[in-house]
Amino acid sequence: MVGMDLQLAQDTAQAAGFYALASSDATGQGRMQVLDRNWVVCSQTPASGQQPTDITVTLLVVKDNETCL
């Protein structure tokens with residue numbers, strides 16, 4: 001889901017059966033993701049691939065106009 005806006009990434013994960021989703025500001029500033037479409041996914045944990053759907057997927061994100069670190 002890297003490179004997707006946060007809303008699309010969440011929708012994609014849910015369509016695949018993942019409902020335990022978390023997101024976090026990748027810059028470390030602790031900013032809240034109020035408008036999910038204004039954030040871009042930089043990385044995810046666990047990495048993509050075959051995973052049980054009952055795990056928590058964490059998406060690290062930055063605002064649209066920022067660069068992933």
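Start by selecting Ser43: it stands opposite Leu60 in S3. The strands here (E, at least two residues) and helices (H or I, at least four) are DSSP runs, numbered from the N terminus.

This is a predicted model: local features need pLDDT of at least 70, side-chain atom pairs count only at pLDDT 80 or more, and totals for chains, interfaces and linings use all residues. Residues are numbered from 1 along each chain as its sequence is written, and side-chain values use heavy atoms, with hydrogens and water left out.

**The sheet**

Now select Val40. Its bridge partner in S3 is Val62. Show S2 and S3 together: they run antiparallel, joined by 6 bridges. Two strands count as paired if DSSP finds at least two bridges between them.

S1 and S3 are parallel, with 5 bridges. Click Asp25, which stands opposite Val61 in S3.

With the 3 strands on screen, read off the order S1-S3-S2 in an open sheet of mixed pairing. Strand S1 (21-25) and S2 are the edges, each pairing on one side only.

**The core**

Select Leu6, Ala9, Ala13, Phe18, Trp39, Val41, Val57, Leu59 and Val61. These 9 residues are the largest nonpolar core. Such a core is a set of buried Ala, Val, Leu, Ile, Met, Phe, Trp, Tyr and Cys residues joined through side-chain atoms within 4.5 Å. Buried means under 20% relative accessible area (1.4 Å probe, protein chains only).

Colour by element. Helix H1 (6-15), strand S2 (39-45) and strand S3 (57-63) each give two or more residues to this core.

Zoom in on Ala9. What does Ala9 touch, not counting residues up to four places away in sequence? Met1, Met4, Val41 and Leu59. Contact means heavy atoms within 4.5 Å.

**The whole chain**

Zoom out. The chain has 1 helix and 3 strands, in the pattern α-β-β-β along the sequence. The radius of gyration is 11 Å, close to the 11 Å that the globule rule gives for 69 residues, so the chain is as compact as a globular protein of that length. That radius is taken over C-alpha atoms; the rule is 2.2 Å times the number of residues to the power 0.38.

Last, colour by burial: buried residues make up 23% of the 69 residues.

Definitions and conventions. Buried < 20%, exposed > 50% of the residue type's maximum accessible area, 1.4 Å probe, protein only.
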